[in-house]
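Open the model in your viewer and keep the selection panel at hand. The tour goes stop by stop.

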Amino acid sequence: MNDVSPVLEETRGAVRLLTLNRRASLNSLTPELLVVLRQALEGARDDAGIRAVVLTGAGRAFSAGADLATASPDRDVRALLATRYAPVIGVLTQMETPVVAAINGVAAGAGLSIALACDLRVAARSARLIQAFVRIGLVPDAGATWLLPRLVGLGRAMEIAMLGDDVDAERAERWGMVNRVVDDGACLDEAMALAERLAAGPRSVGLIKRALRQGLSGDLAGQLQVEEDLQGLAIRTADFTEGVSAFLEKRPAVFQGR
Ligand code: T3D
């Protein structure tokens, strides 16, 4: 019996670091890993002391997607997607706590979908992002067909998904799939630095995430309403009071995330 967790958790100040941990198969995704990952994300979401999350992979990969060693045409893939993958994508995109992906190496298939569902992405220079589904006769899943065109536009999404070619880190940055490319050894440090900045930010960081995520699905009139609601919340936070006081007193603001 293997008692090593498929997702490692570590707390660094106000940042929770989650590491996909099946390195022998490039952190391929099993139903068990997806359950543990969802629980770890929910734990971070529900912990008042955690104000940002970093998600990365152990070893030389972020994740190579679904574990193909156990894939089979007989599998109830609809149930698998609905009960294992969708909840992970749901919590990643709906939790107010921002999530930064440190794409330390290859991210393929549903492993890439999970990275695309994070709020910011830092890629190691040697990382490859691969919509590998078409290579094995599948359709992109775990939100990829929704997330990818919103990041790169429809034309580029068509190319990436239908050809399934490797997208190197530099092209991923040019096309908007990742926010930063850094030297290989610096990927986690850069992601942690971004997460620490977010963790030191005001409560409105989480409200901004909500606003931008909701805006992807709605129309302008609806979004103006979303902004009214969220600004109504933001203006009553202690962080807004602190932000204005700090501005008037010409000093850096010290936010508490509330
Ligand atoms: O049923 C369902 O679950 C449906 C849901 C599907 C969602 C999906 O994610 S479908 C897409 C699944 N992923 C892939 O098709 C990618 C498969 N992997 C690759 O194409 C390559 O491994 C990579 C391009 C990612 C990396 O290539 P490379 O040359 O750097 O590494 P490698 O030698 O191919 O892999 C290293 C080891 O990891 C190797 O095992 P070994 O020979 O050392 O014992 C390889 O078999 C294993 N591995 C890599 N990817 C997977 C995997 N084992 C299981 N599942 C994998 N996805």
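Start by selecting Gln131, in the loop between β8 (128-130) and α4 (144-152). Helices here are DSSP runs of H or I with at least four residues, strands are E runs of at least two, and both are numbered from the N terminus. The model is predicted: local features need pLDDT of at least 70, side-chain atom pairs count only at pLDDT 80 or more, and totals for chains, interfaces and linings use all residues. Residues are numbered from 1 along each chain as its sequence is written, and side-chain values use heavy atoms, leaving out hydrogens and water.

Is Gln131 buried or exposed? Gln131 is buried, at 1% relative accessible area. (Buried means under 20%, exposed over 50%, partly exposed in between, with a 1.4 Å probe and protein chains only.) Now show its contacts, meaning heavy atoms within 4.5 Å. Setting aside neighbours within four places in sequence, Gln131 meets Leu112, Leu116, Pro140, Ala144, Leu148, Ile160, Ala161 and Gly164.

Next, select Leu18 in strand β2 (residues 15-20). Leu18 is buried, with 0% relative accessible area.

Move to the helix pair: α1 (residues 31-46) and α2 (residues 77-94). Their axes are 9 Å apart and the packing angle is about 25°. That makes α1 roughly parallel to α2. Axes are lines fitted to C-alpha atoms, for helices over the stretch in contact, and angles run from 0 to 180 degrees between N-to-C directions. Under 35 degrees counts as roughly parallel, over 145 as roughly antiparallel, 65 to 115 as roughly perpendicular, and the rest as oblique.

Show the side chains between them. From α1, pick residues including Leu34, Leu37, Arg38 and Leu41; from α2, pick among others Leu80, Arg84, Tyr85 and Val88.

Last stop: the cysteines. How many disulfides are there? The count is zero, with a disulfide being a pair of cysteine sulfur atoms within 2.5 Å. Cys118 is buried at 2% relative accessibility. Cys187 is buried too, with a relative accessible area of 2%.
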